[in-house]
Amino acid sequence: MFQLDRAETLRRIIRASLDVGPALSAENSRTVAALASQVRMVGRNLSQLLHAIHSGHAAPMEAALPIWEALDERVKAVDAELTAMTIAHGLKLRKAAHLLDGEGA
């Protein structure tokens, strides 16, 4: 894709990663922490639901549905945020390594 051999592509990416800095900015780290906190809250609700089922006090499916929906929303939010961060950092690395749009030596 970059019209470079694999070794040269890796060298450029490694060199670029040293100059570009960490993959997560302070803002990204705060976002991930907030999303993780939300997932943990939903996880606690899910744990309580499973505990009730195991102890013979099964909740009706209608009661569990909001928990599953909230968990699904949080997982999708985490996935979207992490995907956006990964893409942004990858673009930053490729630009620093002069690997965008087939640029090569």
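Reader: Which residues of H3 are the buried ones, and what makes a residue buried?

Author: In this predicted model, where local features need pLDDT of at least 70, side-chain atom pairs count only at pLDDT 80 or more, and totals for chains, interfaces and linings use all residues, the buried residues of H3 are Ala64, Ile67, Leu71, Met85, His89, Gly90 and Leu93. Residues are numbered from 1 along each chain as its sequence is written, and side-chain values use heavy atoms, with hydrogens and water left out. Buried means under 20% relative accessible area, exposed means over 50%, and partly exposed lies in between, with a 1.4 Å probe and protein chains only. Helices are DSSP runs of H or I with at least four residues, numbered from the N terminus.

Reader: How do you know that the span of helix H3 agrees with its number of residues?

Author: The expected span is 1.5 Å times one less than the number of residues; for the 36 residues of H3 (residues 61-96) this should give 52 Å, and because the end C-alpha atoms are 52 Å apart, the two agree.

Reader: What makes up the largest nonpolar core, and which elements give two or more residues to it?

Author: The core consists of 6 residues, Val42, Leu46, Leu49, Ala64, Ile67 and Leu71, and the elements giving two or more residues to it are helix H2 (26-54) and H3. A nonpolar core is a set of buried Ala, Val, Leu, Ile, Met, Phe, Trp, Tyr and Cys residues joined through side-chain atoms within 4.5 Å. Leaving out residues up to four places away in sequence, Leu46 is in contact (heavy atoms within 4.5 Å) with Ile67, Trp68 and Leu71.

Reader: Why is Ile53 called partly exposed?

Author: Ile53, which is in helix H2, has a relative accessibility of 40%, and therefore counts as partly exposed.

Reader: What makes Asp72 and Lys76 a salt bridge?

Author: A salt bridge needs a side-chain nitrogen of Lys or Arg within 4 Å of a carboxyl oxygen of Asp or Glu, and the closest N and O atoms of Asp72 and Lys76 are 3.1 Å apart. The two residues, being 4 residues apart in H3, are separated by about one helical turn. Asp72, at 38% relative accessibility, counts as partly exposed, whereas Lys76, at 53%, counts as exposed.

Reader: How many salt bridges are there by this rule?

Author: The count comes to 2, and Arg74 with Glu73 also forms one, at 3.7 Å from N to O.
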